[in-house]
Amino acid sequence: MSTKRISFTRYLVEQQRVDGHIPSQLRLLLEVVARACKSISQAVNKGDLGGVLGAATTENVQGEVQKKLDIIANEVLIEANEWGGHLAAMASEEMDSIYVVPNRYPQGEYLLLFDPLDGSSNIDVNVSIGTIFSVLKKPDGSAGVSEQDFLQAGAHQVAAGYCVYGPQTTLVLTVGDGVAMFTLDREQGSFVLTQENVQIPADTKEFAINMSNMRHWDAPVKRYVDECLAGTEGPRGKDFNMRWIASMVADVHRILTRGGIFMYPWDKREPNKPGKLRLMYEANPMSWLVEQAGGAATNGRERILDIQPGKLHERVSVILGSKNEVERVTTYHREA
Ligand code: AHG
Ligand code: MN
Ligand code: MN
């Protein structure tokens, strides 16, 4: 790391100046999201001392019991973002429908989507969790704002990122010009650039999938994992390692750092759902980050970023990470 410290703010200002990647409204938006992540990080760190652990008494639109931190993180993001004039509306895993910026505030042209707290099952056990976000532009010329305005393919994102609350709090961002990572300096209270031009190696010997679902998988996924498990004696001729954190943010962060493949495929438990993960605020932002770092992301058949969403909380099968491995799994699907 260089001795010159570049803050998140300075990085954004320079990006704005150099190649116009970041209009000023978008810069404000990203700064506000970073500030919200800082306060979520604060709450996560306090844990039991802040009374933030454990379940709430409510369910979200996906029928999942909400954790206290799911609700806290959702509120922090809304309160931070609603008044700045940069947004038209927000959408979240924890809200049934879109949240339109109230009339008392000016309306901007951006749309913000988020998974306020990813990895909810890890909150109470002190394992890494995070926040995932995706930014779209409201389509030109539409009056007001509706759910329809959000239904854009991931390729239209103008910014995407996540913040992982782990041993360090790290904010990871793309605005379409590569991937940069910023580590939270708690004493200074600011995010500092610690990694630029992040690159995922094209090959890997590490895969991430919830193996307990093996009996429910489709044949191509089973074939791929079987071949990994066969190790040096199998068709791949090398031994593989496995990791599954059960926080997508933490698994993707590992892949951006040292490579690997992550899969949450369709399975027979709920055959009518395309997968477990949500397209618009989990798969899309993560897929764009991974592609921007030289990796790939598909649903087994097509590029995730090309999928036209039909509804806000749509689910999708996810295969992402090191390019050659993702291509291999995708080929197995096409051959099947
Ligand atoms: P969330 O906590 O936002 O509902 O997301 C959890 C997701 C994802 O982060 C993780 O990869 C996956 O669920 C873990 O699922 P399993 O418990 O089925 O392994
Ligand atoms: Mn999630
Ligand atoms: Mn969540």
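Predicted model: local features only at pLDDT ≥ 70, side-chain atom pairs only at ≥ 80, totals over all residues.

A: Residues are numbered from 1 along each chain as its sequence is written, and side-chain values use heavy atoms, with hydrogens and water left out.

Q: How many helices and strands does the protein chain have?

A: Helices (H or I, at least four residues) and strands (E, at least two) are DSSP runs, numbered from the N terminus. Here you get 8 helices and 17 strands.

Q: What share of the residues is buried?

A: Buried means under 20% relative accessible area, exposed over 50%, and partly exposed in between (1.4 Å probe, protein chains only). Of the 336 residues in the protein chain, 56% count as buried.

Q: What share of the contacts joins residues at least 24 apart?

A: A contact means heavy atoms within 4.5 Å. Taking contacts between residues at least 6 apart in sequence, 63% join residues at least 24 apart.

Q: And how many disulfides are there?

A: A disulfide is a covalent bond between the sulfur atoms of two cysteines. The rule used is a pair of cysteine sulfur atoms within 2.5 Å, and the count comes to 0. Cys37 is in no disulfide, with the nearest cysteine sulfur, that of Cys163, 4.4 Å away.

Q: Are Cys37 and Cys163 buried or exposed?

A: Cys37 is buried, at 0% relative accessible area. Cys163 counts as buried too, with 0% relative accessibility.

Conventions:
Chains lettered and ligands numbered in written order.
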